[in-house]
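Here is a short report on one chain. Read it with the sequence and the 3D view side by side.

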Amino acid sequence: MRSEDDARRCIPMIPVSQGSLIHTSSNPFCYSDSCGCHEDPELIAEVAHAVDEGLLTPDEAKLTIAGKTV
């Protein structure tokens, strides 16, 4: 039986295919630093709008544009 401390140390992981970059309408930014999605003005404007509407914090927006969200 796992202890409560063991449960806290478990970090769920989501597998990511290293062979392809995935861009979807709900997740337009990928994990690759060299991909142009991170500099797309239209995509960045959508994230900025979400910050303006209070849907994301500025820190969350930076992570989103960097492709570091799930």
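Helices (H or I, at least four residues) and strands (E, at least two) are DSSP runs, numbered from the N terminus. By that rule the chain has three helices and zero strands. The order from the N terminus is α-α-α.

This is a predicted model, in which local features need pLDDT of at least 70 and side-chain atom pairs count only at pLDDT 80 or more, while totals for chains, interfaces and linings use all residues. Residues are numbered from 1 along each chain as its sequence is written, and side-chain values use heavy atoms, with hydrogens and water left out.

**Surface and contacts**

Accessible areas come from the Shrake-Rupley method with a 1.4 Å probe; for residues, only the protein chains shown count as cover. The chain exposes about 5,800 Å² of accessible surface, and 57% of that belongs to carbon and sulfur atoms. Buried means under 20% relative accessible area, exposed means over 50%, and partly exposed lies in between (1.4 Å probe, protein chains only). Of the 70 residues, 20% count as buried. Contact means heavy atoms within 4.5 Å. Take the contacts between residues at least 6 apart in sequence: 23% of them join residues at least 24 apart.

**The core**

A nonpolar core is a set of buried Ala, Val, Leu, Ile, Met, Phe, Trp, Tyr and Cys residues joined through side-chain atoms within 4.5 Å. Which residues form the largest nonpolar core? There are eight: Phe29, Cys30, Cys35, Cys37, Leu43, Val47, Ala61 and Ile65. In soluble globular proteins, nonpolar side chains tend to be buried together.

Cys30 lies in the loop between α1 and α2. Cys30 counts as buried because its relative accessibility is 2%. Cys37 is placed in the loop between α1 (4-9) and α2. Cys37 is buried too, since its relative accessible area is 8%. Beyond its neighbours within four places in sequence, Cys37 is in contact with His23, Pro28, Phe29, Cys30 and Leu43.

Lys62 belongs to helix α3. Lys62 is exposed, because its relative accessible area is 60%.

The table pairs each of these residues with a partner elsewhere in the chain.

| Pair | Separation in sequence | C-alpha to C-alpha distance |
|---|---|---|
| Cys30 and Lys68 | 38 residues | 7.9 Å |
| Cys37 and His23 | 14 residues | 8.6 Å |
| Asp40 and Ile65 | 25 residues | 9.6 Å |
| Lys62 and Ala48 | 14 residues | 9.8 Å |

**The second largest pocket**

On a 1 Å grid over the protein atoms alone, a pocket is an open set of points where a 1.4 Å probe fits, with protein on both sides within 12 Å along at least five of seven lines; lining residues have an atom within 4 Å of a point. Grid points are joined across faces, edges and corners, and a volume is the space filled by probe spheres set on the points. The second largest pocket holds about 180 Å³. Its lining includes Ser25, Asn27, Phe29, Leu43, Glu46, Val47 and Thr64. With three residues, α2 gives the most to this lining.

Ala, Val, Leu, Ile, Met, Phe, Trp, Tyr, Cys and Pro count as nonpolar, Asp, Glu, Lys and Arg as charged, and the others, Gly among them, as polar. On that basis the lining has six nonpolar, five polar and one charged.
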